[in-house]
Amino acid sequence: MNILEIIAKKRDKKVLSKEEIDFFVKNYTNGNITDYQAAALIMAIYINGMNYEETTSFTLAMAHSGEVLDLSELGMVVDKHSTGGIGDKITLILMPIIASLGIPSAKMSGRGLGFTGGTVDKLESIPGYNTNIDISEFINNVKNIGISLMGQTLNLAPADKKIYALRDTISCVESIPLIASSIMSKKIAAGAEKIVLEVTVGSGAFMKNIEDATKLSETMIGIGNLADKETICILTNMNQPIGYSIGNSLEVIEAVEALNGNMQDDVKNVILELGAYILKLDGKGDNIQENKEKIEQVISNGEAYRKFLQLVENQGGDISYIENTEKFTKAKYKMPVEAVKTGYVQKLNAEEVGKIAMHLGAGRMKKEDNIDYAVGIELLKKVGCQVGQGETIAYIYADDEQKGRKAVEKLQQTYEIGEQNVEKVADIIEIIE
Ligand code: URA
């Protein structure tokens, strides 16, 4: 067997065997296959696809390319993962809620790249919070206080890390079998028994339409079942950013407000739906409505907020910033964005908003870039809102005046305002079990 034959086979639209896929994943990860050969194969997969068996083999080969965590000593761990979005602070809010309902919350998250943010960067905007702990500390934290949120360790699905980075440089990210295998390899390696996946759909998501999101969901559920990990996918709307803030400490502040009961409707709908299905998978109740009520209860009685404080303190974070969010370092400039005309907000392209935040310094253009935690965007008006000409519809938070002015102009152009009122797209599009 050699890589040239494997590339030629996929180039010619043939099906790869499990042995061929194992050979590629193993030898690319250990450096025996070059980047240009791997790029050729990945591009052939992108163009010609993989069937269900190939996708499963690819997933399992990547999952077992490094350490596979065993979290069984923690009881039934249900993992949550999102295919990515703009302003996505769901993990920060949902995991303390779940932990306060008695479900072990052990989650590894990633950093932001490009126009999408990452939970690890958001957590690190809390002074002192350590995302870089070792696995034994991670497990002990969950045993002691029921929750730990950390960064992905180096040797978890290393093949995915290498292949994902390569895909990013050759325009091969948006492929259903490649995304499904990438996500599921990490979930399998991360050791949870059951998985709830938020599959985002729309302008700020990898999946731009419901058909593709459904196909991706069905592929991931199939892989999950084969790996003996029950998986549920919840399709959510990502045509506009979720919540009102985009940017690292701004999103932490919004998460703290949400845990104190002040939650925007779209955030609340996603939190309740994902949380209710996590409770169901964990065997805490099959009635989704009742599960939602349990979630509302731990928010209103303060238990979820106190769990978040406990999490931050336990991982070295300064909780005085959570108790008084005014303490977070402020960006130098807070610039209003005014509506160019009177009417209703028709569209607010999430990807464009994400790019504006990235150029302000809230995200990374390249892996090595530093993040500015204080900068970002606060949205006062979203799709369906009525606005008057000259009214402030958003704020830009910038540390560089020039960049701030450019962001104001760009965001103003991104707000599409028209005369007709528009019907809001549902936050929850579909549940696929
Ligand atoms: N998220 C992942 O982890 N992998 C992908 O390929 C796309 C989104």
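Mentor: A charge sits over a ring if NZ of Lys or CZ of Arg is within 6 Å of the ring centre and within 35 degrees of the ring normal. The model to which we apply this is predicted.

Trainee: Which residue lies over the face of Tyr164?

Mentor: Lys186 does, at 5.7 Å from the ring centre. Likewise, Lys334 is placed over the face of Tyr395, at 4.4 Å from the centre of that ring.

Trainee: Which residues surround the ligand?

Mentor: Tyr164 and Lys186 are among them, together with Arg167, Ile179, Ser182, Ile183 and Phe206. Helix H9 (176-189) and helix H8 (158-169) each contribute at least two residues to this shell; the largest share, four residues, belongs to H9. By class, four are nonpolar, one is polar and two are charged.

Trainee: How many aromatic pairs does the structure hold?

Mentor: A pair of aromatic rings is described by the distance of the centres and the angle of the planes. The structure holds three such pairs. Phe24 and Tyr28 are stacked, with 5.8 Å centre to centre and 5° between the planes. Both residues lie in helix H2 (residues 18-29), four residues apart, and both are buried. Tyr321 and Phe328 instead form an edge-to-face pair, at 5.4 Å and 70°; Tyr321 and Phe328 are buried.

Note on methods: Residues are numbered from 1 along each chain as its sequence is written. This is a predicted model: local features need pLDDT of at least 70, side-chain atom pairs count only at pLDDT 80 or more; totals for chains, interfaces and linings use all residues. Side-chain values use heavy atoms; hydrogens and water are left out. Rings of Phe, Tyr and Trp (its six-membered ring) pair if their centres lie within 6.5 Å; planes under 30 degrees apart count as stacked, over 60 as edge-to-face and the rest as tilted. Buried means under 20% relative accessible area, exposed over 50%, partly exposed in between (1.4 Å probe, protein chains only). A residue is near a molecule or strand if one of its heavy atoms lies within 4 Å of it. Ala, Val, Leu, Ile, Met, Phe, Trp, Tyr, Cys and Pro count as nonpolar, Asp, Glu, Lys and Arg as charged, and the others, Gly among them, as polar.
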